[in-house]
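Please read the following note with the model open beside it.

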Amino acid sequence: MRIEGENANEKALELSGTDVGGWTAIVKAAPWQKEVMDPWCPASAAAARPKEHSVNVTGYDTSLPEIDIEMAVCEFLSSCGEVARIMVLPSHARVSIIGEGCVDKALQLSGCNVGGITLEVKPVVLVKINRSTDKTG
């Protein structure tokens, strides 16, 4: 979320740790939002953003509400780097993390028992498919 105004960043950060109707607000400044970027130029925005790496997390109770899974996975991987996004799928959660050695740190957590369940972390391996445009023959 982008917040603007006089001392907006400081005021937002002061809210971190406060109770919000039974939830604890966690506020962090996103490094790529500290400078104003041209929203009409996606190339400049992508160049300013740190590289995200992805891992898959399994082993959690899939019957839990999506927000509970997101929060638990975020807390589980928060020591590995900045958790940029979590996509909860039927069989696993795809997590994008940012930081030096973040994937290796996440993989070291694989097999940890968290609240009676064992979470597994696996790297996301991207496969490049060479689609030939040659239509001879």
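The points below cover the basis of the model, the overall fold, the surface and the sheet.

1. This is a predicted model, in which local features need pLDDT of at least 70 and side-chain atom pairs count only at pLDDT 80 or more, while totals for chains, interfaces and linings use all residues. Residues are numbered from 1 along each chain as its sequence is written, and side-chain values use heavy atoms, with hydrogens and water left out.

2. The protein chain contains 4 helices and 8 strands (DSSP runs, H or I of at least four residues for helices and E of at least two for strands, numbered from the N terminus). Their sequence order is α-β-β-α-β-α-β-β-α-β-β-β.

3. Of the 137 residues in the protein chain, 22% are buried (under 20% relative accessible area, 1.4 Å probe, protein chains only). The accessible surface (Shrake-Rupley method, 1.4 Å probe) is about 10,100 Å², and carbon and sulfur atoms hold 54% of that surface.

4. Among contacts (heavy atoms within 4.5 Å) with a separation of 6 or more, 52% join residues 24 or more positions apart.

5. An open sheet of 4 strands runs in the order E4-E5-E3-E8 with antiparallel pairing (two strands pair if DSSP finds at least two bridges between them). Strands E4 (82-88) and E8 (120-123) are at the edges with a single partner strand each, so one side of each has no neighbour in the sheet. The twist averages 30° from one strand to the next (axes are lines fitted to C-alpha atoms, for helices over the stretch in contact; angles run from 0 to 180 degrees between N-to-C directions).

6. E3 (residues 53-58) and E8 are antiparallel and joined by 4 bridges. Val57 has Val121 in E8 as its bridge partner.

7. Helix H3 (residues 66-77) lies across E3, E4, E5 (93-98) and E8, at about 145° to E4.

Technical notes
Buried < 20%, exposed > 50% of the residue type's maximum accessible area, 1.4 Å probe, protein only.
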